Amino acid sequence: MFINKLQLKNFKRFTDLTIDLISAQNESPPKLVLLIGANGCGKSCIFDAFESVNGIISNEKLIRAFEDLQAEKTKGYLSGLGLPDHDYCLKEKDIKNEYEIIIDFDKEKIFNIHYKGSSETNIVGQSSIETNLNVGNYFYGRTAFRNIIDLETKFNADEYGEKDVQKVIEKNLDKPSRLIDLDKRWDGDILYCFKEEINRKELTIEINQSLNSIFENNPTGHFQIESIRSEIGRSIKLTLEVLIRKGNSVFPYEYLSAGEKQLFTILLNLHLRKKYIENTIIYLDEIDLHLNTAIQADLLKEITEKLIPDNSQVWVASHSLGFIDYARQITYKYDEITETEVEIKKVIIDFDSLDFDQEQVLKPANKDDLNIFTVPIPISSIENIVQLPSIILCEGKDSKYYSGQNSKQFFGVKDKFNVLEWCWRFKCLGIIDKDYLFKTESIKLENKFKGKLKVLKYYSIENYLLHPDNLKEYDSSLDLNVYQKEITEAKNEYLQNKISDYFSQIRSNYKILKSRKDEGLKHDWLVEMEDSSEVLNLFKSDNFEIFYEFFPIKDENKKIKSIQEILKNTNKSKESLYLELSQTNWFKTKISEVLQ
């Protein structure tokens with residue numbers, strides 16, 4: 001189950017808030033919704049709305065009454081059924097004394113709650129809503145800092161005596177009634193682990209696999225679960241014994257730090273309950289609390305891509321830089337049905353600096369907007385960080401190819417236009433592809449930035465990676481004459497497929513150049529465009545070093561036989577080959593020359 005749109009009226013922090021996750025027709029809803037913003041901006045209030053809906057659909061009496069309403073296709077008033085705390089949810093009591101929650105799910109399911117005070121509730125169910133609502137099957141939420149992480153718990157006869165523990169876990173009956181209340185599901189997890197039919201050895205393996213993934217890029221602090229055992233103490237006390245391995249040492253769970261305990265509780269909870277959160281909206285509030293910033297992105301990646309079922313959506317509230325970094329990344333997952341790699345769609349909703357006393361419509365933020373980074377990092381800190389001489393901004397995924405430069409850290413943003421905006425605003429160092437810029441235009445642009453911007457000599461970084469001299473260093477068997485001839489032929493074929501004014505057209509649309517048709521552009525770093533017909537003349541030349549500056553080999557390399565033979569003979573992907581080509585002495589020397 002996925003949410004397309006959420007609207008809250010007169011609820012908690014919001015007068016009238018709409019979160020619209022679908023920006024285009026027929027667009028699919030995202031797998032991950034990351035809510036960011038300063039403390040107190042209203043992120044957790046979204047989850048209070050989910051809890052309110054959860055409190056209604058998890059009430060068995062109300063479900064039966066709701067089904068009756070559906071059958072009669074009419075509105076009705078119900079009361080006394082353990083509904084959410086009206087005063088807790090209401091924003092303005094003096095105006096309407098009511099609030100409304102409207103959730104538009106995918107597959108044309110709509111749930112509308114119009115709550116009119118503590119004694120009566122008007123529930124409107126659209127004909128498309130499912131009537132076989134299962135308890136706890138729509139929403140599952142947890143928060144980091146309102147749970148007990150002691151391994152000992154008491155068996156509560158009133159709460160569990162007549163209920164099977166598995167049903168408690170399956171139906172999420174041990175959830176808190178409000179987001180601010182103590183979350184006792186840690187007790188439920190311990191009870192569930194205590195049952196003999198739970199395969200604790202298999203559970204240990206699953207949790208350790210997640211820990212391996214999370215610590216793969218940051219081995220410092222990596223720990224493993226040695227064993228999970230249970231024992232019954234005096235009377236009704238149940239105790240789990242969890243042993244931890246770090247290196248050659250084995251010690252009790254209690255010796256872990258607060259952050260390590262937090263990581264274990266999250267993984268235990270989701271691994272235990274993942275089969276019961278199919279087709280569900282999962283919401284996680286501030287789960288990065290106490291966690292090392294170095295593993296935060298990998299934790300959210302593990303949760304989103306492995307622990308949350310494919311048919312469920314996860315909402316996360318945080319101001320973690322690691323979480324933002326993961327939400328910005330483009331990641332894919334193999335779809336066994338279509339046998340293709342499909343993108344895992346992720347969106348960021350920015351709550352920061354908004355007046356929620358006014359009507360607001362929030363849509364997915366531009367992931368390269370500088371403002372999303374000011375949530376976890378103050379502007380002053382960003383300025384101090386990016387002005388360090390070791391930090392260099394570059395275009396998108398190019399950072400992994402530049403990373404071989406000694407003592408330099410490369411940070412990729414969306415495109416060259418974003419590199420320019422960052423460099424201009426924060427006076428940091430950046431490097432961009434040349435594309436169809438003339439050498440004189442490149443010099444003018446670099447001068448505008450007073451040494452804070454470097455422009456490659458060639459069209460793109462791929463021109464360096466696949467340059468004959470670089471490929472020769474990588475593969476000494478390469479015939480340079482044959483290779484250069486293949487590139488020249490590919491260039492001529494490319495040229496024949498383009499109309500004569502193609503280069504003028506593409507340059508006139510180039511944001512860096514100040515076109516004579518677009519004098520209204522206001523950026524101070526725009527460069528006056530020179531005569532574009534000269535590019536075509538340079539491209540017609542068969543002198544390799546003349547035309548190669550402008551040749552888009554990153555798009556045309558499939559037509560070059562020598563490159564395809566290297567890929568075939570080495571059985572490497574194009575990306576793997578490029579990464580190895582970025583480690584040659586020739587490549588490092590040429591990039592170093594650009595950066596001087």
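Is Tyr 436 buried or exposed? At 5% relative accessibility, Tyr 436 counts as buried, a term that means under 20% relative accessible area, with exposed over 50% and partly exposed in between (1.4 Å probe, protein chains only).

Before I continue, a word on the basis. The model is predicted, so local features need pLDDT of at least 70 and side-chain atom pairs pLDDT 80 or more, while totals for chains, interfaces and linings use all residues. Residues are numbered from 1 along each chain as its sequence is written, and side-chain values use heavy atoms, leaving out hydrogens and water.

I turn to the aromatic rings. Across the whole structure, a search finds 28 aromatic pairs; rings of Phe, Tyr and Trp (its six-membered ring) pair if their centres lie within 6.5 Å, with planes under 30 degrees apart stacked, over 60 edge-to-face and the rest tilted. Tyr 402 and Phe 410 are a stacked pair, 5.0 Å centre to centre with 20° between the planes. Both Tyr 402 and Phe 410 are buried.

Tyr 436 and Tyr 459 form an edge-to-face pair, because their planes stand at 70°, with ring centres 5.3 Å apart. This pair links distant parts of the chain, 23 residues apart. Tyr 459 is also buried, at 9% relative accessibility.

One aromatic cluster includes Tyr 458, Tyr 464 and Trp 586.

Finally, charges over rings, where NZ of Lys or CZ of Arg is within 6 Å of the ring centre and within 35 degrees of the ring normal. Lys 346 sits over the face of Tyr 326, 3.9 Å from the ring centre, and Lys 400 over that of Tyr 401, at 4.9 Å.

Methods. Helices (H or I, at least four residues) and strands (E, at least two) are DSSP runs, numbered from the N terminus.
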